[in-house]
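Hello,

Please find the structure below.

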Amino acid sequence: MISNDTLYLILTLLAFGAAFNLLLILRLNRTVRRLAAAFPRTMLQAGETVPALRGQALLGRTPLTVSGDGQPTALLFLSSACPKCRAKLPEISGLLPLAQQAGLTMLLVSMEPAWRLRRFLGTSPISQVAVCVRRQDYLALNPVMATPAYLLVGQSGMVEAAGIIGDDNWLALCEQLEAGEEPREAAA
Amino acid sequence: MSAALFAFDMVRYALGLLLACAALGKGFTLAAFRENLYESFGVPTAAAKWLAPLIVLTEAILTAGTLAGVASARPALAAALLLFCVFTAVLVHRYLQEGVVRCACFGEPGRAVSPFDLLRNLLISAAMAAWLLWAPASDTAALQPLAAGLAVLCTILLIGLHDIASILRAQELAP
């Protein structure tokens, strides 16, 4: 028969043991994240097929499906939790009419709650092209959750360029949009 | 010893440990905490220089008061509740307004505040209020090590709430 004192001692050891175990799990999680950061995965690469995107337009909450339907598309990934993304809003807003003229569909893809995305975008015209998608769908497009990032999808539904907004490919695209050229050439 | 008395002891220990972790976490990353006060909370640089160590010192004193005994825990937790409520209210306001707030509340300066961090602060505030409202005035002696062990577990759970949530969500996404 175990005495009460022994039982309390065992329970105490178990409680400390569980706490230590939890601490180890959290430490392990941090280590895994550090390791993952040391060997970063990349976004979808040029030539990969972009999965069909299903979501809801931020304005109007209408269902939306985007797939390789012959229309070149730039998928943009911005987050309200990323200060650099906020700084990119004016630049992207300025590109929207140019993209439209060039026949390039621009979409902001987000998995944030609509209220938060609305507040982030404010009165920016980007809210007209913002699409709210499920987390799983977002991660299929942007597995590393890179922001501010973009995917340039060609007419065939394949990735033609991917990277961080502001990189060489992006700047080339901007230059060509400003020059009124075809977006597909910019992505090549 | 009733279960309620035991639970109140455990809560007091957990709150004391949380305050200790908050003081230590901020103390070890004082420069980052000072910077966050300026960047995220709009405190002027000159004021942030003395406010940051003052908050750490206050939390250290409140830790000592909370863990020393039931009598000293009452004013200490009342002050801590006030501090937490003000801090959480500012944090929620900035979070809703700006979207990005860095806090270093428990020494995590590089990470932006998440809804789980806000939930953690609300839970801590609720525990403080519950203890102040219903805890008995007398000290209790039995089963202190067990209460302390469970308090350590609760403390780690609450501080790691954001990480635990992200681990669970990552599992959810696994194919």
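**Cysteines**

Cys132(A) is buried, at 10% relative accessibility. Buried here means under 20% relative accessible area, exposed over 50%, and partly exposed in between (1.4 Å probe, protein chains only). A word on the basis: this is a predicted model, in which local features need pLDDT of at least 70, side-chain atom pairs count only at pLDDT 80 or more, and totals for chains, interfaces and linings use all residues. Residues are numbered from 1 along each chain as its sequence is written, chains are lettered from A and ligands numbered from 1 in the order in which they are written, and side-chain values use heavy atoms, with hydrogens and water left out.

A disulfide is a pair of cysteine sulfur atoms within 2.5 Å.

Cys85(A) does have a partner. Cys82(A) and Cys85(A) form a disulfide, with their sulfur atoms 2.3 Å apart. The link is right-handed, with 90 degrees about the S-S bond. Both ends are covered: Cys82(A) is buried at 10% relative accessible area, and Cys85(A) is buried at 0%. A search of the whole structure finds 1 disulfide over all chains.

In chain B, look at Cys21(B). Its closest cysteine sulfur is in Cys154(B), 13 Å away and too far for a bond. Cys21(B) is partly exposed, at 29% relative accessibility.

**Chain A**

Chain A has 6 helices and 7 strands. Both are DSSP runs numbered from the N terminus: helices are H or I with at least four residues, strands are E with at least two. The order along the sequence is α-β-β-β-α-β-α-β-α-β-β-α-α. Chain A is more spread out than a compact globule, because its radius of gyration is 23 Å, well over the 16 Å that the globule rule gives for 188 residues. That radius is taken over C-alpha atoms, and the rule is 2.2 Å times the number of residues to the power 0.38. The C-alpha trace spans about 85 × 35 × 30 Å along its principal axes.

Of the 188 residues in chain A, 41% are buried. Take contacts (heavy atoms within 4.5 Å) with a separation of 6 or more: residues 24 or more positions apart account for 70% of them in chain A. Leu139(A) is buried, at 17% relative accessibility. Leu139(A) and Met111(A) are 28 residues apart in sequence, yet 9.1 Å apart in space, C-alpha to C-alpha.

**Chain B**

Chain B has 7 helices and 0 strands. Buried residues make up 46% of the 175 residues in chain B. Among contacts in chain B between residues at least 6 apart in sequence, 75% join residues at least 24 apart.

Best wishes
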